[in-house]
Amino acid sequence: MTSFARTVRTVVIAGTMTAVGLATAATTGIVLSSGAQAQSASSIVVQGNRRIEADTVRSYFQTGPGEPLSAARVDEAIKAMYATGLFRDVRVSRQSGRLVVTVSENEVINRVVFEGNRRLKTEQLLNEIESRPRGTFSRPMVQSDTQRLYDVYRRTGRYDVEIVPKTITQPNGRIDLVFEINEGKKAGVRAINFVGNNAFGRQRLLDVMTTAETGLFSWLKSNDVYDADRLNADQEAIRRLYLRNGYVDMRVLSARADFDQAANSFTVTIEVEEGPQYRVGAVDVQSNIRDVDGATLRGAVKTASGSVYNVELVDKSLEDITLAVARRGYAFATVRPRGERDPSTLTVNLVYVVEEGPRVYVERINVRGNTRTQDRVIRREFDMAEGDAYNRVLVDRAERRLKNLGFFKNVRITTEPGSAADRVVVNVDVEDQPTGAFSVSGGYSTADGFIAEASVEERNFLGRGQFVRLGGTFGQRTRGVNFSFTEPFLMDYRLAGGFDVFWRHSNLSSYQPFASTSYGGTLRLGIPLNENFGVQLRYSAVAQKISIRDDQTNCRSAYGAPLLQFTDGSGNIHNFEAGDPRSTGMAGGVALYRDASGMPTTTNTGTLYTCLDDGETSVALRAINGRTRFISSVGYSLMYSNLDRAQNPSQGLYAELRQDFAGVGGDARYIRTTGEARYYHDLTNDWIAMFRVQGGHILGIGGQKTGGGQLDSIDQFFMGPELVRGFQTAGIGPRDNAVRNLLLMQGINRPGDAIGGTAYWGASAEVTFPFTFLPKDFGMRGALYADAGSVWGYNSIRSFNTGGGTLPVVLDGSDAHKIRSSVGVGLLWNSPFGPIRFDYSFVLSKARGDQTQAFRFSGGTRF
């Protein structure tokens, strides 16, 4: 093995020496040719060439007819030969009146090998260098490649990496190029400090940054290493945070990264100057276009007088005014904001100026760098096409949309002059990033017990921008499979079309006295009306069957009759009342008694065991036991959102109204209406307030199997901690107390079965706050909350004929409107194993029969 460099410094020296040699050879060539200025190129002798034809070498010295081969021409030829990278050495001499060119060819690279690279894959490193197998070996190129490899490793936080290029000589003028790599240790960001921040606490600023501090869970993330480009983007994110909240004078004075060689880590210090908070003063639209009245454009303005200045609302106003003017036929109109600060009142007076812009057309849109995503997926995010009027506001909007897709690591849109003065070329440079995910998650909740889920999803399926997901669930009390597909641009319109199919089975539990199996699907169509408001239309078809155990349906008498034990042909044991037709054909009929512990036994203890002793499921549920119900419904949703971010929002409003009409065929007939609104507000220093209201109502329509406008009980609302924390799943609302009252006479206290209500409402207020004494890496937040709500009304069967008698539904007033309320504390942990939440609630008010649960835990993992 021949080493031509031990370190990068040595490579630089070698490259310098090569350059000196080149200059010397060129000078020599000029001197030797000075006496042969009349020499013709046809008499040139080439020596030392092995792979390259002599005529190819002579072509560099070729002159025109009758033109002498001057010293300057020889000098140019030697430089051109070196520039090809094919030659290691070129010497020119004069022998016997002829020009002799002696060359030493560069070796051909047989293969490129990386040794010692464990953190970065060989394919990734190959994409970064220019030296290629079967290409010509060039020391300056290897020097450049080595520097590129250093840059790649530094972007991953490895600043003490050592890279030594070496060559291994092979036969026939070939060599193996080997990069020996000692990756070293990752240089993390030990601390991120802020100077001058008063309006926002350290935690709030860290939340908007991509760069994170090295900590306990660094082995699970890659953004805790220093990256200059990432830090520049973080500065812009911090600046936008301040501008969204009225700090128009805010400046990032400096962002310094200090490297500690001994600790192999960086300390980042960001100094800001906040200035005062401004509000919006007067707002006006001034139109300099004769046929456009500025007053008619006021409806497109999103900034309101008296509100806190928000740069994003200003940008949104520019977009909406531009589109409004374009719809009136002024495609070249430009809109610019003019802001006048008034320091005495701390207000910004805004004037949106509309005027005719230069008549410039889009000649061409070039899409570059997309190795996976199809061109049309990128082009459809533009509200203009080739040949349309050019508008910078619409270009900025397209850039924001492309970034929000999440398909690309980088998005950059630039322009260049076109073929004429009124033409412009738009260049879209993107870099694809992985968009698929395979995940395995597991967790535990007090409602569903232990649960595991595996799923595979792709957000950019086949580069078409489509979303596909296949998932499976297996748990202690539930299991299922689901598949989803979404086409965000159906038929090349901004319509999100898709479908979902599923199968799900849940076992009976203390919260649900029956097992349920359901399967079906949904067709959906999403229609965005603007950036914040959208409509979804859907059709759903679901088949559902509930199953209740024999021992929960064996009581056919309102007061309970003694039970007999039977054995079927498979050896399974069943307990029925005497004369129950379900025991026909079974063997046995042995009387059951109650033992000392109250359990059934065939030993005669003198106390008969009745059909009520083991509890009974409400006849409201028994009425549909074993029957497969088919529910066919159409529905729509109205959705509004101006949240600052989809995950863990801190500012903004989300609202949704849903309505479904069941009865397009099938067994169920009802109109179900539900709604929810959540408002988030950043109080101070990352203390986030959330206010939530929700409600729902279901109305039965005549003609279904329960008769008249009655509902099947399981179509009603079963609410619990999702409405008021501190209550069990399905712990609030109407209950059938028929069996409970009979059991009480025997000294057995068992709650009645939840049978659902026809209406509900709920209101919640919650404040989450950071634990400033813990590192951000822990991802822990506290919560204080208060909930109130109610579930009431009942519109299902009131009695059921079991075949041995008619059993009633006894509500005992549990369907009345009574307010339930609670307060509590919570712990939220955004752990590397998934989000986990602990809640402890104190119930302040409840109704008779409600089931409480002070502690609730849910969590899971994804890896």
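At what angle do helix H8 and helix H10 pack, and how far apart are their axes? This is a predicted model, in which local features need pLDDT of at least 70, side-chain atom pairs count only at pLDDT 80 or more, and totals for chains, interfaces and linings use all residues. Residues are numbered from 1 along each chain as its sequence is written, and side-chain values use heavy atoms, with hydrogens and water left out.

H8 spans residues 311-326 and H10 residues 392-405; they pack at about 125 degrees, with their axes 10 Å apart. H8 is therefore oblique to H10, a term for angles that are not under 35 degrees (roughly parallel), over 145 (roughly antiparallel) or 65 to 115 (roughly perpendicular). Their crossing is left-handed, meaning that the near helix is turned anticlockwise from the far one by less than a right angle.

On the H8 side, the contact (heavy atoms within 4.5 Å) is made by Leu318, Glu319, Thr322 and Leu323; H10 contributes Val393, Leu394, Arg397 and Arg400. By class, four of these residues are nonpolar, one is polar and three are charged.

I turn now to the loops. Most residues other than glycine have a negative phi. Leu462, however, has a positive phi, near 55 degrees, and sits in the loop between strand S17 (449-461) and strand S18 (466-475). For Asp492, phi is also positive, near 65 degrees; this residue lies in the loop between strand S19 (478-487) and strand S20 (496-506).

Is Asp492 buried or exposed? Asp492 counts as exposed because its relative accessibility is 65%, the cut-off being over 50% with a 1.4 Å probe and protein chains only.

Terms used:
Axes fitted to C-alpha atoms, helices over the stretch in contact; angles between N-to-C directions. Helix = DSSP H or I, 4+ residues; strand = E, 2+ residues; numbered from the N terminus. Nonpolar A, V, L, I, M, F, W, Y, C, P; charged D, E, K, R; others polar. Buried < 20%, exposed > 50% of the residue type's maximum accessible area, 1.4 Å probe, protein only.
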